[in-house]
Amino acid sequence: MTDTTIDTARLQARKRIRNARISAFVRYVVLLAVGLVMLYPLIWLVGASFKTNNEIFANPGFMPQNPTLDGYIEGWKTSTPYTFGTFFLNSFKIILPKVIGTVISCTFVAYGFARFDFPFKKILFGSVIAILLLPNVVTRIPQYILFRDLGWLDSFLPLWVPSALAGDAFFVFMLVQFLRAIPGDMEEAARVDGANSWQTLLFIVVPMLAPALISVALFQFMWTMNDFLGPLIYISSVDKYPVSLALKLSIDTTEAFAWNRILAMSVLTITPALAVFFAAQKYFIEGISAGGIKG
Amino acid sequence: MARLQLHNLEKTYGNGFRAVHGINLDIQEGEFMVFVGPSGCAKSTTLRMIAGLEDITGGEVRIGDRIVNDLQPGKRHIAMVFQNYALYPHMKVRSNLSFGLRLAGVPKAEREKAVEEVARILEIEPLLDRLPKQLSGGQAQRVALGRALIKKPEVFLFDEPLSNLDAKLRASMRVRITDLHRRLKAEGKSSTVVYVTHDQTEAMTMGDRICVMQSGNIMQVATPKELYDAPANLFVAGFIGMPEMNLVNGRIEGTSFHTAGQAITLPDHVLARLSAKPENAVLGIRPQHLKLSQTGLSARLKNVEFMGHEVYLYADLDGAEIVCVVTTAEYDAMDANADTIRVLPDPTRIHIFDQDSGTNVSLPDQS
């Protein structure tokens with residue numbers, strides 16, 4: 001009687017384990033398949049960048065038959081007097097001040113909104129949210145006229161100055177939400193310890209805000225790297241083109257498109273963003289899943 | 001070391017809510033003052049006004065001979081221990097302790113010496129290089145205490161510092177804090193303390209004096225013994241003491257107190273002490289001062305709680321719920337099937353309150 005019960009129990013346990021294994025196997029197969037589908041264009045892009053121009057259209061697979069660096073070498077030279085290096089440098093001339101400026105200015109603004117009471121705070125914060133909801137296109141023309149009148153056309157200034165003055169409502173909003181999730185006790189303790197508002201911000205708030213700030217920097221980095229419309233509108237000299245425009249350039253000026261060069265340069269273009277993302281992935285996830293601070 | 005005075009202190013919030021109603025309090029140098037009261041009684045708000053974390057709407061706070069109303073918290077020579085420790089999560093214990101000194105521009109060597117000293121007093125030396133998240137609740141609380149101690153403030157402020165700890169740890173921390181206070185006082189160091197709690201055990205065991213608050217008003221300021229023996233009003237009578245004081249509504253007629261259906265003769269010394277003879281009176285007697293007696297008031301037994309060394313008898317006395325604490329032996333001697341008990345108050349321990357104003361009209365010093 002007891003033996004039978006034990007046997008049945010064992011059998012059930014074994015069945016449960018087998019079912020769990022099968023379910024896990026199915027889950028992983030589905031995940032892998034979907035993951036592959038999503039990643040395939042990227043894999044193909046990398047593979048195709050090593051193909052010859054003819055092979056790209058002849059061979060649908062991603063493995064090049066005769067791998068060649070031709071695309072990279074020719075692509076780097078570009079059809080302009082400048083190498084792709086110049087365009088990379090231009091991109092970083094925009095990205096660097098923009099990212100640093102965004103992180104600093106948005107921290108200040110978010111700290112103000114999250115921790116201080118001042119007149120018209122509600123209306124001001126409401127307008128921040130309103131800006132967040134406003135389509136970018138709406139402000140393009142007024143902004144263009146403004147920057148033209150300032151004499152900033154064909155310079156990098158219109159591309160990074162607005163962001164460096166907390167012009168990106170999304171980041172302000174994100175940091176305000178993150179700050180709201182952090183209890184104010186630590187800041188009060190700092191005030192009792194003798195810190196003024198600036199010292200509290202610098203020594204207490206910023207370190208606690210670090211994961212969110214890293215996310216902000218990453219987002220800004222990737223979005224700026226990928227930004228096409230901004231440079232297209234404001235930059236007219238080729239020597240100031242960032243990579244996003246330079247890629248388009250190689251499509252425009254060649255009669256027969258050298259796809260392998262374009263693809264090779266595309267691979268190079270996405271490399272910094274990917275590298276930065278993977279390096280900071282841990283903080284990035286911590287940053288966007290706000291409120292993960294233990295009291 | 002400094003005296004702390006609150007003068008007509010008021011707090012009104014932006015939405016018109018009046019949290020603190022002009023309180024006056026004089027806390028002596030080196031005194032351990034406990035603010036106690038139910039949640040929402042503004043004890044924490046008052047503490048935060050003293051600390052400078054909350055704006056003062058009216059009145060003044062004086063530390064030593066300075067009015068500190070408009071001073072930043074850091075300039076008030078105070079230190080505060082928060083309920084959830086509020087340690088800086090990204091700093092090691094060592095930096096947590098010395099942060100205040102660093103801001104004050106104290107040289108590094110001196111800072112380190114101070115850290116070592118405080119760590120020794122609080123026995124947290126092995127923890128100095130840990131991050132707050134690597135500490136247990138009790139350790140974190142000791143570090144928070146150390147952060148206050150290291151500043152050598154004139155006034156220590158504690159905001160329910162033990163309420164996040166488990167019961168056992170709370171008891172040991174309680175002893176540790178009072179011990180520390182006594183030691184500092186003996187050494188002539190700064191030791192004026194304001195300690196906020198909602199736990200009356202903490203209040204009774206730690207405070208030199210206790211300030212009982214309700215809805216932004218001070219109900220009574222007295223030593224623990226005075227609060228227990230001579231509560232000034234119904235609120236204090238009901239708040240202090242475990243289980244709560246029994247309060248029975250009735251009238252005084254002649255020399256006796258009448259409940260709905262029964263009467264008890266009041267002893268002469270109680271009658272002599274009465275500062276007023278209220279129309280609607282409340283008789284107050286602590287559960288420990290009710291004795292089982294054949295001549296006492298009759299009450300219907302409702303519930304029995306066995307506490308180990310004593311037994312709580314819950315009974316209904318003409319509509320008023322009363323509790324009587326008896327020893328286990330007394331309980332064993334009772335008739336097991338009895339559904340009524342007869343209880344007699346200890347005549348020396350009877351309080352008479354005015355039901356309308358709530359004041360105790362039988363206080364000895366008012367006779």
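**View 1. A:Val128 counts as buried, with a relative accessibility of 13%.** Buried here means under 20% relative accessible area, exposed over 50%, and partly exposed in between (1.4 Å probe, protein chains only). You'll find A:Val128 in helix α5 of chain A, residues 121–133; helices (H or I, at least four residues) and strands (E, at least two) are DSSP runs, numbered from the N terminus. Leaving out residues up to four places away in sequence, A:Val128 touches A:Phe113, A:Ala169 and A:Val172, where contact means heavy atoms within 4.5 Å. A:Val205 sits 77 residues away along the chain, and the two C-alpha atoms are separated by 22 Å.

A quick note on the model before going on. This is a predicted model, in which local features need pLDDT of at least 70 and side-chain atom pairs count only at pLDDT 80 or more, while totals for chains, interfaces and linings use all residues. Residues are numbered from 1 along each chain as its sequence is written, chains are lettered from A and ligands numbered from 1 in the order in which they are written, and side-chain values use heavy atoms, with hydrogens and water left out.

**View 2. A:Ser49 sits in the loop between α1 (2–48) and α2 (53–58) of chain A.** This serine counts as buried because its relative accessibility is 0%. Who are its neighbours? Not counting residues up to four places away in sequence, A:Ser49 touches A:Thr68, A:Tyr72, A:Asn260, A:Leu263, A:Ala264 and A:Val267.

**View 3. A:Lys93 belongs to helix α4 of chain A, residues 84–115.** A:Lys93 counts as partly exposed because its relative accessibility is 44%. Beyond its neighbours within four places in sequence, A:Lys93 is in contact with A:Phe156 and A:Trp160. From A:Lys93 to A:Ile104 you go 11 residues in sequence and 17 Å in space, C-alpha to C-alpha.

**View 4. UniProt (unreviewed entry) places the feature "transmembrane region" at several spans of chain A, including 94–114 and 159–179.** The record's positions are given in the numbering used here, feature names are shortened, and annotations may be inferred rather than shown by experiment. Residues 94–114 of chain A are 100% helix and 0% strand, and the end C-alpha atoms of that span lie 29 Å apart.

**View 5. A:Gly184 lies in the loop between α8 (169–181) and α9 (185–192) of chain A.** Buried or partly exposed? A:Gly184 counts as partly exposed, because its relative accessibility is 28%. A:Val205 is 21 residues away from A:Gly184 in sequence and 9.5 Å away in space, C-alpha to C-alpha.

**View 6. Here chain A meets chain B, with 15 residues of chain A in contact with 23 residues of chain B.** Together the two chains bury about 1700 Å², 62% of it on carbon and sulfur atoms. A:Arg191, A:Val192 and A:Asp193 supply 38% of the area that chain A buries against chain B, more than any other three residues. Buried area is the accessible area (1.4 Å probe) that two parts lose on being put together, summed over both.

**View 7. Chain B comes to 10 helices and 19 strands.** Its C-alpha trace spans about 75 × 45 × 40 Å along the principal axes. Of the 367 residues in chain B, 51% are buried. Look at contacts in chain B between residues at least 6 apart in sequence, and 67% of them join residues at least 24 apart. UniProt (unreviewed entry) puts "domain: ABC transporter" at residues 4–240 of chain B. That span is 37% helix and 25% strand, and its end C-alpha atoms lie 25 Å apart.

View 8. A cis peptide bond joins B:Met242 and B:Pro243, with omega at about -15°. B:Pro243 lies in the loop between α8 (234–239) and β11 (246–253) of chain B. B:Glu123 is not a glycine, yet it has a positive phi of about 55°; its loop runs between α3 (108–122) and α4 (137–149) of chain B. B:Ser215 also has a positive phi, about 45°, although it is not a glycine. B:Ser215 lies between β9 (209–214) and β10 (217–222) of chain B, and at 43% relative accessibility B:Ser215 counts as partly exposed.
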